Amino acid sequence: MEQVSGLNVQTPAANKGSWRAVFGAPEDAQLHLEIGCGKGDFVVGSASRHPEIFYVAVEREPNVLLMAMEKAQAAGLRNVLFIDADAATLGDVFGKDEIDCIYLNFSDPWPPKKRHKRRLTHENYLRVYDGFLKPGGEIQQKTDNTGLFEFSLCSFSQFGYTLYDVTFDLHATDFDNITTEYERNFAAQGMKIYRCVAKKAK
Ligand SMILES: C[S@@+](CC[C@H](N)C(=O)[O-])C[C@H]1O[C@@H](n2cnc3c(N)ncnc32)[C@H](O)[C@@H]1O
């Protein structure tokens, strides 16, 4: 843990509204957020490919988060930080219009209807994200789960976000994809990967 402690933000709410300054990034730099980053392949791959973009990755399972931070540390990345938190608390962590893009990769599907409120694309979560997603900002979702995907498309639309790039077979497209751990497992089992972009009005 000591080795990666510089990547783990212990009091994230103290950075509310000043994350770019925390990174030493220019004021107009892009700041992206991954929620439920798991073991970190996506955020580490993204941060390696885009050194000009700054990333914050959130994960509520400390052991999984540690693995993600170890990967970022091994890659020598300076443009990614990690937070051990639940998505529901992120309104305390990011300021109005602070985030350009949110990634929701293979979020837990919570299949029974009585658990739909736990889905990270439920209206209650979209309201939290809307507090810090800038106008014109995006939520990018990938999943293998048909029920979650259909629910999310409805949820984004009903919330007033515009849908783009909706695909039901991402791996059959020429999209320049960065895969996650879950994505590789599901694809290896022959499952189709769904993706969409939901855009907030300018
Ligand atoms: C199915 S895994 C997917 C992990 C990774 N994104 C991937 O695609 O390989 C979902 C992850 O989201 C995390 N998670 C679920 N709900 C969360 C919440 N409310 N806040 C933060 N993390 C959450 C879980 O702990 C888990 O690591």
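His 32 is found in strand β1, which covers residues 31–35. Strands here are DSSP runs of E with at least two residues, helices are DSSP runs of H or I with at least four residues, and both are numbered from the N terminus. The model is predicted: local features need pLDDT of at least 70, side-chain atom pairs count only at pLDDT 80 or more, and totals for chains, interfaces and linings use all residues. Residues are numbered from 1 along each chain as its sequence is written, and side-chain values use heavy atoms, with hydrogens and water left out.

His 32 counts as buried because its relative accessibility is 6%; buried means under 20% relative accessible area, exposed means over 50%, and partly exposed lies in between, for a 1.4 Å probe and protein chains only. Not counting residues up to four places away in sequence, His 32 touches Ile 53, Phe 54, Tyr 55, Val 56, Asp 100, Cys 101 and Tyr 103. Contact means heavy atoms within 4.5 Å. With one of these residues, Tyr 103, the side chain of His 32 makes a polar contact, side chain to side chain, at 2.8 Å. A polar contact is a pair of N or O atoms within 3.5 Å; within protein, one must be able to donate a hydrogen and the other to accept it, and residues adjacent in sequence count only if both atoms are side-chain atoms.

Strand β1 is also one of the elements against which helix α2 packs. Helix α2 spans residues 41–49, and its buried residues are Phe 42, Val 43, Val 44, Ser 46 and Ala 47. These buried residues pack against β1, β2 (54–59), α3, β3 (80–84), β4 (99–105) and β5 (133–143).

Helix α3 comprises residues 62–74 and contains Val 64. Val 64 is partly exposed, since its relative accessible area is 21%. Leaving aside neighbours within four places in sequence, Val 64 is in contact with Gly 38, Lys 39 and Glu 59.

In total, 17 residues surround the ligand, and the closest are Gly 36, Glu 59, Ala 87, Asn 105 and Thr 180; a residue is near a molecule if one of its heavy atoms lies within 4 Å of it.

| Residue | Protein atom | Ligand atom | Distance |
|---|---|---|---|
| Arg 60 | polar side-chain atom | nitrogen | 3.5 Å |
| Asn 105 | polar backbone atom | nitrogen | 2.9 Å |
| Glu 181 | N or O atom in the side chain | oxygen | 3.0 Å |

On its own, the ligand has 600 Å² of accessible area, and the protein covers 93% of it. Such areas come from the Shrake-Rupley method with a 1.4 Å probe. The space taken by the ligand is the largest pocket. A pocket is an open set of points on a 1 Å grid over the protein atoms alone, with protein on both sides within 12 Å along at least five of seven lines; a molecule sits in a pocket if more than half of its atoms lie within 2 Å of its grid points.

The loop between β4 and α4 (123–130) includes Phe 106. Most residues other than glycine have a negative phi. Phe 106, not a glycine, has a positive phi of about 55 degrees, and Trp 110 likewise has a positive phi of about 40 degrees without being a glycine. Trp 110 lies in the loop between β4 and α4. Phe 106 counts as buried because its relative accessibility is 9%, whereas Trp 110, at 22%, counts as partly exposed.

Arg 119 is found in the loop between β4 and α4 and is buried, with a relative accessible area of 4%. Beyond neighbours within four places in sequence, Arg 119 is in contact with Pro 109, Trp 110, Pro 111, Tyr 125, Gly 147, Leu 148 and Phe 151. The side chain of Arg 119 reaches the backbone oxygen of Pro 109 at 2.6 Å.

His 122 lies in the loop between β4 and α4 and counts as buried at 13% relative accessibility. The residues touched by His 122, not counting those up to four places away in sequence, are His 116, Lys 117, Phe 151 and Ser 155. The side chain of His 122 reaches the backbone nitrogen of Asn 124 at 3.0 Å.

Methods: 1 Å grid on protein atoms, 1.4 Å probe; cavity = no way out; pocket = protein on both sides within 12 Å on 5 of 7 lines; lining within 4 Å.
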